[in-house]
Amino acid sequence: MTKRLTALFVILAAGACSRTPAPEAGQLRVIPLGGPVSLVEDGETTLLEEAATVDAGVSIITQTGGRAKVELSARRSLELAPDTELRVEDRFSEVKDGRVLVRTSSPMMLHAGGAQIEATEAIFRVDSGAAVLLGTYSGSATVLGSGVPAVAALRQAIVLQGGEIAPPGLQALEVRRNDPWDADLLGQAIDLGLRLADYERGLSRQIPSGREAGRVSQMLESRFPPRAIKSAVASLGSARAVVAAVVAQEAGLLEGGSPTRILARIVGFIQQLRASWIAVAAEWGLPAAAAALTQQLRDLASSISELVAPPPAPSLSSAPSGTVGPGSTGGSGGGGPGGGSDPPGGPGPGGNGGNQDPPPPPPADEDDPGENSQPPPPPCANTVECAVDDILEPPEPPT
């Protein structure tokens, strides 16, 4: 028994020695994540190749391609993007230049470009250059002395020198699919938001202006009050309002709220804060209902294509009796091409009506393009199929 306890003690002691000790009060732990990372302390620069525990008052610099993580405590950390310089003091950290992602669950102060940013429970980013961009992924962060409300989740603000918020104030978070932090924290919302944008583009080509757009509005009014739909269409346009209506229905199922009220909030989020579909998807947690949302949009797109598609042109086989299609030979008429029975009131062209000249064609009406100017039928099996294909798989742009 004594031998087993001794062996267990040795194993635990060896494991404890193999780990880098957690930073104590006034210390921090710097972890290189790849690429060149330097530590500047007392005027001396050291290239970090492994995690190190150092005292506050140092600067961490990532060169091109370099990334690093700084653990201030078990509840606060900062991640540095390439080409970033961060100085860590006892009571705050300062972003000298570059981009930093902050995760904190306890009070924290960060300085950047003259702005003082405070947060307690939040994940946010600071991009510091000529101005400072503060973008929040969760929780909220406050710019002290700015006079504006806290920057809540999925919002951002541009902070000028001196801490003032640049007009027009708070905006929806700008999410970029090629940004590592955006992709890591909002990857599913990015995928769904891009699909919603594709549906909007397809519908914008499918829904014409005029009475057809009004008919689409009437169809949506079967799901929402007419006033709500008219307001959405007036604010966003028909195509975007269609997508917003479907999104509002699914969001209502997810959070148990009124789809009509959610639609009004979505309209305001898009119009006032200039939100993208990615931000909308993240704001309402729509990735959890991505499959149902996509199916609803497919069904609605098919219904709209049937509603606004023009009637098919009559085929030759369905032409009224007594008429002759283009290029057909006449029945009892004379020897001219396309001859047939003379219409009432005189002989037709190519018939046996003597030497009379055929009547001149009616003058062209500039406002009436005529039947021959109609576009050829689509190469698909039917008009509905073409419309749905155009929405789900937009055609390649012309080269």
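# Group meeting: a walk through the model

Start at glutamine 171. Setting aside residues up to four places away in sequence, glutamine 171 touches Leu154, Arg155, Gln156, Gln272, Leu273 and Arg274. Glutamine 171 sits in strand 15, residues 171–172. Is glutamine 171 buried or exposed? Buried, with a relative accessible area of 13%.

One caution before I go on. This is a predicted model.

Now one of those contacts, Arg274. Arginine 274 lies in the loop between helix 6 and helix 7. Its phi is near 55°, a positive value in a residue other than glycine. Arginine 274 is exposed, at 64% relative accessible area.

What joins proline 167 and proline 168? A cis peptide bond, with omega about 5°.

Let me step back to the whole chain. The secondary structure comes to nine helices and 15 strands. There are 399 residues, and 36% of them are buried. The accessible surface is about 22900 Å². Carbon and sulfur atoms hold 52% of that surface. Take contacts between residues at least 6 apart in sequence: 50% of them join residues at least 24 apart.

Now the cores. As background, nonpolar side chains in soluble globular proteins tend to be buried together. Here, the largest nonpolar core has 57 residues. Which residues have the most contacts inside it? Val247, Leu263, Ile266, Trp277, Val280 and Leu286. Several helices each supply at least two residues of this core: helix 2 (180–206), helix 3 (211–220), helix 4, helix 5 (238–255), helix 6 (259–273), helix 7 (277–283) and helix 8 (290–308). Helix 5 gives the most, with 10 residues.

Look at tryptophan 277. Leave aside its neighbours within four places in sequence. Then tryptophan 277 is in contact with Gly193, Leu196, Ala197, Glu200, Arg240, Val243, Ala244, Val247 and Ile270.

There is also a second, separate core, of 35 residues. Among its members are Ala68, Leu78, Val95 and Met108. Alanine 112 is in strand 10, residues 108–112. Alanine 112 is buried, at 1% relative accessibility. Glycine 129 is 17 residues from alanine 112 along the chain, and their C-alpha atoms are separated by 8.9 Å.

Back to helix 5. Helix 5 has 18 residues. From first C-alpha to last, helix 5 reaches 25 Å, close to the 26 Å expected at 1.5 Å a residue. Why call helix 5 largely enclosed by the rest of the structure? Because 13 of its 18 residues are buried. After helix 5 comes glycine 256, with a positive phi near 70°.

Helix 4 is next, residues 226–236. Which residues of helix 4 are buried? Ala228, Ile229, Ala232, Val233 and Leu236. These five cover an arc of only 125° around the axis, so they are on the same side of helix 4. Arg227, Lys230 and Ala234 are exposed on the other side. Just after helix 4, glycine 237 has a positive phi of about 90°.

Glutamine 218 lies in helix 3. Glutamine 218 and isoleucine 229 are 11 residues apart along the chain, and their C-alpha atoms are separated by 8.6 Å. Glutamine 218 is exposed, at 55% relative accessible area.

Now aromatics. How many aromatic pairs does a search of the whole structure find? One. Phenylalanine 269 and tryptophan 284 form that pair, and it is edge-to-face. The centres are 5.7 Å apart, with 70° between the planes. Phenylalanine 269 is in helix 6, and tryptophan 284 is in the loop between helix 7 and helix 8. So the pair ties together parts that are 15 residues apart in sequence. Phenylalanine 269 is buried at 4% relative accessible area. Tryptophan 284 is buried too, at 7%.

Last stop, aspartate 83. Aspartate 83 lies in the loop between strand 7 (76–80) and strand 8 (84–88). Aspartate 83 has a positive phi of about 60°, although it is not a glycine. At 44% relative accessibility, aspartate 83 counts as partly exposed.

Notes: Residues numbered from 1 in each chain as written. Predicted model: local features only at pLDDT ≥ 70, side-chain atom pairs only at ≥ 80, totals over all residues. Heavy atoms only, no water. Buried < 20%, exposed > 50% of the residue type's maximum accessible area, 1.4 Å probe, protein only. Helix = DSSP H or I, 4+ residues; strand = E, 2+ residues; numbered from the N terminus. Arc of directions from axis to C-beta. Contact = heavy atoms within 4.5 Å. Areas by Shrake-Rupley, 256 points an atom, 1.4 Å probe, with all protein chains shown as cover. Core = buried A, V, L, I, M, F, W, Y, C linked by side-chain atoms within 4.5 Å. Expected span 1.5 Å × (residues − 1). Phe/Tyr/Trp six-rings, centres within 6.5 Å; stacked < 30°, edge-to-face > 60°.
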